[in-house]
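Here is my note on the structure below. Please read it beside the coordinates.

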Amino acid sequence: MPRLSVSPSSKPNCSPVWLISVLLGLLAIHTNAKDVLTVPQQVILSANMYTQHLTISWLGGAATTFDLMILRTELNETVFYETVSVTMNQVSGRHQWNWTSVEPLECTSLSIKIRSRDGQTTSEWSNTQILQGSDLPSNEKFQMYPQDRIVPVGANTTFCCIVEEGLLFGTIRYGNTVMNTTRLSRRSFATTVVNQELSGETGTNVVCFDNLRTKLTGAVVFVGYPPLPTDFVCETRDLTSAVCQWKEQRDTNLYRKRGTRYSLNKRNCTLSSPEEKQKECSVAQWEGNFTLVAVNPLGQYSLTDSAEINHRVHPVAPDNLTFVVHAWNATVLWQWEYKSYSSLALDCQVELASQGYKTRGVPDAPDVWMWMNKDYTGQVIWKPLTQRQSHGLITGYEVTLWSPEVNFQHTELFSPDTYAVPVNLTQIATRSSDNKVMATVIAKNAAGVSQPASVLIPLRLTDVEPFTVSRAVYTDRGFPLFWQRNPNDTCAYVVEWYEASCKWDCPVEWIKLAAGNTNVTIKSANLQPGVRYNISLYSSSSEAPELLQHWQGYMQELVPSSSVLLSTTQHDSDIVLTWREIPLVNRRGFLLGYNIYISGGSQLTLLANLSDLESRSYTVKGLSQGLYNFTVKAYTSAGEDKGTTASITLEPYTDWLILEILASLGIIALLLAVVTFICYKKRKWVKKAFYPDIPEPKLSGDWSRSQGPLNVKPSPHSLVHMVEKPEWDSSKEVLVVIPEEDEFEGDEPVDTDEPTSLRYYNQVVDERPIRPRFPDSSDSSASSLDSACTDVTYTGIQTSGSSLVFQLDPQGSSEGQQPQADLSVCGGGGGGYRPQMQSRAPSDDIGLASPEPFLEPQAASAGGYKPQSSWHFDSPVDAGESGGLALSLGSPTSVASTQFLLPDGEERAEEQRQPSSSAATWFTNLLSSTKP
Amino acid sequence: MTVWWRALIFLCCLLNCVESSSPSPVQRNKYNNSFRLTRITRTRVQLLQRKYKEQQLGNTHFEDRSRQLKDLPLLSTDFYSWLKLTDWERLHAAFWDMQAFWNMLEWKRKQLEKEEKEHMVVRAFGPTLPQSIRYIQLDLRDLMNQVSSQMSYMKSSWTKPTSPTALSPQTRSKTVWDSRVEGYIILRDLDLYLTKLARDFLLLASKTHL
């Protein structure tokens, strides 16, 4: 505790002393306060290597705030440095702080030191405690941490590799991925795998190599999920024990000792088939409440279920089933596996399977009905006899048709699987005046024949038109039908139904009703939605069946499966839409009407709703000219069909147009006639006004002269100065051009082969004939060249760069007779056209040798503006060998040129290239023809 | 065609007769058989090693020559002392070395089988690792039988141990990784050992021939 060393003075007159005392006291307080912050003592470390938890405990006195510093011992890197509040454990009197390391604690040694803190005041650091890592020099081995770690999917794990003493670190691979690493100490290297994905069945290998890949070490990490059981339910079978079942919603990806373990009501479950998703565990006694706990290294999950035992009985099959069979009845006896079932109220279901029974009588009479087409053909049909009715195996049916009046009888036998026999009554109908034929069917089995079942087939049935057709509305149970009972009627009824779209030998179903019935509900498994059924009620008496009532109905109405057939016509300025009825089969419901739409873009606008089914046309009026799309959709109670769209372009009423044209034509004709008539009448005045007589001219003297074409060709001498065989002074450089006419007069075949396109006019310089004279060129070559070219000095032309080429290839030029040499000489070689090379005045050029070609031939040939050669070829040699005239079509032209500047070296291949370059030649010829 | 086939079969028979009627002793023939079987087994071991590395270590090119297992026979031997070994010593050593490998394989196979059973691994094609190890064990057993019969031929007092001495190596694998590397070491050493054994049989066969 701070103590005041000075007591307040009672002497007010000694104020300086008092002041000093106070100051001293304050100083003492301050000193004491500093002493209070004790340095943490007895720092103890305890590490959990698996969880990477480090527990630090120390004696810290009264302080509650401490600075904790954790460093990597070797590299002195700070891992953790924070101020933490820790309260003292009252029992032990120590402070304790837990820290979780990102890296495994084995990776490298950690130094831990603590100091107390009070506000800004801190104590001295405690002694450094070192948690030794596995990278101490004494532990020379190649190591990897953590080993066999199990982590959930998505976790981040830091692995470290401690390189063997004497080796150098290489790489760390996670599976097949090479990881980035950071150095933790001299031998320890760490890598962090983030967002880990499911490992393979056998985990993922993390392998650390040395730099030479001669040695390695590794670890295995298992990435999975915590357990997630679902659908937990317990049942009993014996009314004593419980069998609980559940499913594992996802595979945890952890197996063996890492796999999920289950306990049911705190008792371990031994699963009979752990590989199946459906798990099962039993408890000897029903406990009412069940708790399932699933645990794996990544977590646990529990589910509960509670129920009374009687609500969860899963009955077992009866045991020891026996029968006592009598003539007309049988007794089934069985036992229960568990005695407790005797007290259980159970519903028992007995299924009789018939296998090999004995005939015990003749079959019942079959239920016979008939179907007649409209041409005296039809079918006699009967329902198959049930097992109960057949009394044994039916061996066949006997069908007899007879008409007592015409003494006709025909009997035929049919196989037992026949249920319809076609009949043709045409002959009987023609002979008989009676209206009916009797059909009798007899079923046969081993014991004998059944009572005959008869049906009277009316021969005039088709003549009877049904009076009214009512609609039958289907309900859940079928078609409910009602009819009026005739009090005098004592006969039975037959209700038959068939698909309305059927016209021939229809599969008809029927039901026979006793007399006195006034309603029935028709049910059949064969009824289908969207199909119209005709339902008829017949009286069944000794006479032929008489149609009493007729219904139509759908089991379920659907939208029509097809649309109407729509056509559009223009009637004056109106559009008439007409369409045809939808076929009955496709209606799939009672049509209620038609909707007529006009479609503008993607939208349909309802024009009209026609509920009158008979009117199948609609007139749209008041439309202006243009394209219209109309859609007609039929609808039933189920909705509209897809509709049919028809387009029509409303055109102007053409009759009027024709009339207008005819009228205007007539008016024009009339006008013309009037004008013609007037002109005729006033023809003298017209002639005088428009065609007055012109007097013939009179010539004095002879003006006749031979006419000739005016030669306006300017003399070339006005532009150029001809130099005949000039004696070239090598010191002078002049620009010479061969005039077109003289160009080919030389002996050289190469020169004569030169195309006419290779010319320059005015300022255009054809590099081929422009050749300066050089002292080192041989006389013979010079003379041969000279003979090949008649040189013309253009007064306005500058020095050609071709001279450079000449100088570059003196050998070639000395062999002027050879085509190669000619190329370089007359074709200009690789030099091409270089008007910008020298820009002196033309007057200076004449008689003056340019020093440049001699001093820097290479530079000159490569430098400067070279529109001919630079655009086309990288290599002048190649260019000279492969250049084509055709390519030159797109070549740049000189500003003042009327002709394309052509790449060099084309002469040699000129003849071969003639077809390909014909276009260019034509083009250049065309241009040449414009020259003066 | 049939004529050719017949001729070929006849030729084979003839060669077979020549071979069997050759004066080389039965012993040599047996050593040759053992040599062949050793080579076949070695090929199998190499294939399995590759598969093992792929499945367990995730890399077919996995190599670690530095690690050894102390329960496995030593592979390095002095050439002259190896050359000077008597036939009996050679066969005896071979028998027990093979036994040691067999035991290690058995232990590793059971370990893998246990893992697989709990892993519920249903492999669609090819034998599983334990199955492949089983085949190699059968080969080794056959080789051991051959060696044993040779030994009993030399010394009638020799009787093959009725049941293989189950060494049951203690569970020394502390980590999954170590356990996997152990399997690799066993196969790696067995591969090398079978090369040595093949040489043993070649030497024995040549000696018998002389």
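The points below cover conventions, the contact between chains, one residue and one annotated segment.

1. This is a predicted model: local features need pLDDT of at least 70, side-chain atom pairs count only at pLDDT 80 or more, and totals for chains, interfaces and linings use all residues. Residues are numbered from 1 along each chain as its sequence is written, chains are lettered from A and ligands numbered from 1 in the order written, and side-chain values use heavy atoms, without hydrogens or water.

2. Chain B brings 20 residues to the contact and chain A brings 22; contact means heavy atoms within 4.5 Å. About 1,800 Å² is buried between them, with 55% from carbon and sulfur atoms. Buried area is the accessible area (1.4 Å probe) that two parts lose on being put together, summed over both.

3. Five residue pairs are in polar contact between chain B and chain A, both residues at pLDDT 80 or more. A polar contact is a pair of N or O atoms within 3.5 Å; within protein, one must be able to donate a hydrogen and the other to accept it, and residues adjacent in sequence count only if both atoms are side-chain atoms. On the chain B side, helices H2 (26–56), H4 (87–119) and H6 (176–209) each supply at least two of the touching residues. Helices are DSSP runs of H or I, at least four residues; strands are E runs of at least two, and both are numbered from the N terminus.

4. A:Asp305 sits in strand E24 (residues 299–306) of chain A. Its side chain makes a polar contact of 2.7 Å with that of A:Arg312.

5. The unreviewed UniProt entry annotates residues 656–680 of chain A as "transmembrane region". That stretch is 100% helix and 0% strand, with end C-alpha atoms 36 Å apart. UniProt annotations may be inferred rather than shown by experiment.
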